[in-house]
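Let's take a look at how charged side chains pair up in a protein model. Have the sequence and the 3D view ready as you read.

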Amino acid sequence: MKKVIIIALAALLSQVSLAQDRFDQFEDMREVRAFVMNQKMFKLLGKVDLDSSDPEMQAYINLVENMENIKIFETKDAGVGAKMQSEMSSYITSSKLEELMRAKDDGKNVKFYYKPGKNEDFVREFVMFMTGDIEGANRTVIFKLTGDIDLKQISKLAKDLDFAGSKELENVKKTK
């Protein structure tokens, strides 16, 4: 009986780790620019002595304190971009992400997905997938954010991170 339980736990843990690490494979690829920030860094940022009497700053502090991780992967390599697109399609299905918005304009395709959060203004997970002519080059970008995320604050965070395609996140606040 113990062997059955151990095997079942091992199988469950391997499935969980596969789901969590789906995009991490791109981090070590030479053709990919990667940015990953985890919950511990957000906790440190939340402890920085900022002017919390400013309502806008307090909203930003709350956003940071409730985030678990940010992952950004970007490539100009067509082969890696195709692999990223394949992984994204698979992830959307397996994670049961819902489409928030999509746009095709000026040689680029942008899609936003999410998992619902505690209410209609918050999401548990937010993913942007973009392909096409981004800032003068053919690129593929995955932006993934997890935590207790206020959709109204995502565009402000994107401006601070300033990555290829971050301007597209300004459109998210217009949908809510």
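Arg22, Lys83 and Glu87 are joined in a network of salt bridges. A salt bridge here is a side-chain nitrogen of Lys or Arg within 4 Å of a carboxyl oxygen of Asp or Glu. Side chains of opposite charge can pair when their charged atoms come close.

Helices (H or I, at least four residues) and strands (E, at least two) are DSSP runs, numbered from the N terminus.

## About the model

This is a predicted model, where local features need pLDDT of at least 70 and side-chain atom pairs count only at pLDDT 80 or more, while totals for chains, interfaces and linings use all residues. Residues are numbered from 1 along each chain as its sequence is written, and side-chain values use heavy atoms, leaving out hydrogens and water.

Searching the whole structure turns up 9 salt bridges. One of them links Glu74 and Arg139, whose closest N and O atoms are 2.4 Å apart. Glu74 is in strand S2 (residues 67–75) and Arg139 in strand S6 (residues 137–150), so this pair ties together parts 65 residues apart in sequence.

Buried or exposed? Glu74 is buried at 6% relative accessibility, and Arg139 is buried too, at 10%. (Buried means under 20% relative accessible area, exposed over 50%, partly exposed in between, using a 1.4 Å probe and protein chains only.)
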